[in-house]
Amino acid sequence: MQFHHHGYVSQDPRIVAAVGTGIDRPTDLPDETDVLIVGSGPAGMLLAAQMSQFPGVTTRIIEKRDGRLVLGQADGIQPRSVETFQAFGFAERITAEAYNIGYMNFWSPDPEKPDDIIRTTRTEDYGLKISEFPHLIVNQARVLDYFAEAAADGPARIVPDYGVEFAGLSVHVEGEYPVEVQIRYGAGPRAGEERTIRAKYVVGCDGARSGVRESIGRTHVGEFSAHAWGVMDVLVNTDFPDWRTKCAINAKAGNILHIPREGGYLSRVYVDLGEVAEDDNHQVRATPIETIIAKANEILHPYSLDVKEVAWSSVYEVGHRVTDGFDDVAEGSGSPRVFLAGDACHTHSAKAGQGMNVSMQDGFNLGWKLGSVLMARSPESLLSTYSAERQPVAQQLIDFDREWSSLMARKPEEISDPQELSNYYLATAEFPSGFMTQYTPSAITGSDSHQELAVGFPLGKRFKSAEVVRVCDGNVMHLGHHAKADGRWRVYAFADASGARLAEWASAAAPVIARFTPADADVDAVIDVKAIHQQAFEDIDVLSAPPLFLPKTGPLGLLDWEKVYTAAPNAWSKTDIFDERELSRDGLVVVVRPDQYVAAVLPLDAVAEFDEFLSGVFLPA
């Protein structure tokens with residue numbers, strides 16, 4: 001990571017100096033705020049961490065709990081989420097404490113003893129097969145802790161206002177702060193007190209029973225299925241041999257999805273409680289934990305569980321619902337002021353491991369857009385792309401989860417091929433990993449007219465990193481890992497064989513980029529540009545790079561040596577990003593959004609197209 005560019009730093013470099021609204025931040029909620037986030041779940045806390053990178057914006061986050069989450073219900077962390085953690089600076093630390101899913105095993109009835117189960121398939125997990133990031137299991141509470149740290153240590157110093165409950169809102173046509181929000185203090189000396197505060201924008205991250213959703217008249221579309229599952233986090237002794245391996249167990253007595261958790265001892269067990277009668281009226285949710293444990297033992301026969309402690313348990317009926325809109329405006333009727341994210345706008349079963357993961361991507365998609373509009377970098381129309389992009393993703397998730405849940409709940413006699421579930425698990429791996437999301441063309445995602453120049457960087461999909469060599473020191477690193485969740489756009493300029501056309505592009509593109517950059521800011525404050533050459537790093541003189549790739553930054557005007565790379569393999573890496581991502585050797589430019597999605601692919605001589613695209617995204621500084 002880079003630091004010292006604002007002067008010598010002797011403390012933890014992740015804790016940057018407070019700036020703007022982070023200086024002398026009021027402890028009490030102000031009467032007016034630019035952004036009010038309701039709820040401190042995965043979507044809300046990621047959003048807060050992102051907004052902390054925009055210290056020119058006043059952001060507050062309220063949470064009705066009186067403190068941090070102690071025990072989270074979600075635990076599956078897909079590779080795309082770990083990639084996101086890397087952008088926020090804590091992937092390595094959370095990976096160290098998480099359970100890494102290396103395999104998933106499948107169990108079925110023993111043909112000779114149908115009441116017993118046997119292992120039928122042992123599959124390698126998909127995580128590291130399709131990404132440099134693993135598939136993890138870790139308590140949701142720890143994920144929120146890390147995002148809370150990123151928010152508190154960011155320049156805007158954002159911390160949740162705990163013990164504050166959302167009580168309603170109304171949106172007015174006029175006024176600088178058009179959203180009027182009623183809140184109620186639920187804890188402390190002000191318990192019971194009600195207040196009204198005003199905001200420019202409100203984001204409802206307040207869960208499946210969202211009060212924000214109700215206030216703007218949005219509704220969940222979908223239904224619960226007639227199937228119930230018990231879930232428990234348990235510490236046990238057992239003779240089941242795969243207790244520390246993720247397993248899908250299909251038995252005569254029912255089904256189990258078993259997921260080992262972090263720490264080496266804890267496991268999460270989803271236990272099939274069977275079909276729910278039409279007149280049950282949700283009474284199944286009162287199933288006692290003793291019944292769930294007994295059912296688990298029946299399914300696991302001839303193995304058994306001796307449960308020593310139940311850390312958490314619940315019963316749920318599988319629901320597949322998506323909200324009819326992710327903001328407060330009808331299509332084409334104006335600019336949104338209120339947004340929904342996470343469970344407030346999509347709910348589904350937990351067994352596909354998607355809830356927390358997709359919720360975080362909601363927050364990542366929206367955060368930089370709010371920051372860009374409120375900092376006057378981009379037009380207000382940018383905010384309409386949030387619902388347009390995320391609602392289709394939620395629907396795709398619902399469709400996938402419905403199929404996966406149905407497969408998980410089948411009875412043995414309904415299964416003709418014992419390998420079907422494991423084959424489906426591996427064949428669809430890219431979707432649950434988070435890598436199938438592809439945004440359609442819009443003002444912030446260009447056309448694919450030049451896609452042949454970068455086959456491995458599909459338009460609208462997340463920028464799939466690969467190793468490169470940093471020219472200044474010969475170190476190998478992933479190109480995408482240099483991009484932090486700081487709200488900046490990235491431009492990767494891949495050189496032609498000689499580098500001459502790249503130099504011409506840099507000369508022509510520099511004034512285009514400068515037009516959208518505040519005069520008193522670093523040249524890369526809004527758009528961060530990097531060059532990737534084809535020669536060996538020893539053959540490139542970094543100090544001869546065009547000024548665009550060798551800017552002077554910070555108040556001391558220090559030279560940034562870390563914007564020039566090469567694709568040529570060296571002693572430490574055999575990867576060539578041109579080959580790895582099928583890039584044209586004639587050179588090209590790849591534009592990447594702040595949330596890591598590919599926005600444009602252009603030839604080096606298409607500076608006019610580059611200018612046109614950026615002009616649709618940014619306002620002149």
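This is a predicted model: local features need pLDDT of at least 70, side-chain atom pairs count only at pLDDT 80 or more; totals for chains, interfaces and linings use all residues.

Modeller: Residues are numbered from 1 along each chain as its sequence is written, and side-chain values use heavy atoms, with hydrogens and water left out.

Biologist: What makes residues 289-300 helix α7, and what span is expected?

Modeller: Helices are DSSP runs of H or I with at least four residues, strands are runs of E with at least two, and both are numbered from the N terminus. Helix α7 has twelve residues.

Biologist: Which residues of α7 are called buried?

Modeller: Buried means under 20% relative accessible area, exposed over 50%, and partly exposed in between, with a 1.4 Å probe and protein chains only. In α7, I292, I293, A296, I299 and L300 are buried. Down the helix axis, the buried residues of α7 fall within an arc of 125°, so they line one face of the helix; the arc is taken from the directions from the axis to the C-beta atoms.

Biologist: How many residues of strand β1 are buried?

Modeller: Six of the seven residues of β1 (32-38) are buried, and the strand is described as mostly covered.

Biologist: How do you know which strands pair with β1?

Modeller: Two strands pair if DSSP finds at least two bridges between them. Six bridges join β1 to β11 (residues 194-204), in parallel, and V35 has Y201 as its bridge partner in β11. Four bridges link β1 with β2 (residues 59-63), also in the parallel sense, with R60 of β2 as the partner of L36.

Biologist: Why is one side of β3 and of β4 left without a neighbour in the sheet?

Modeller: The open sheet has the order β3-β7-β4, with antiparallel pairing. β3 (76-77) and β4 (99-100) stand at its edges, each with a single partner strand, so one side of each lacks a neighbour in the sheet. Two bridges join β3 to β7 (residues 136-137), and I77 is partnered by L136.

Biologist: What are the edge strands of the seven-stranded sheet?

Modeller: This open sheet runs β20-β19-β25-β22-β21-β26-β27 with mixed pairing. The edge strands are β20 (476-478) and β27 (598-602), as each pairs on one side only.

Notes: The expected span of a helix is 1.5 Å times one less than its number of residues.
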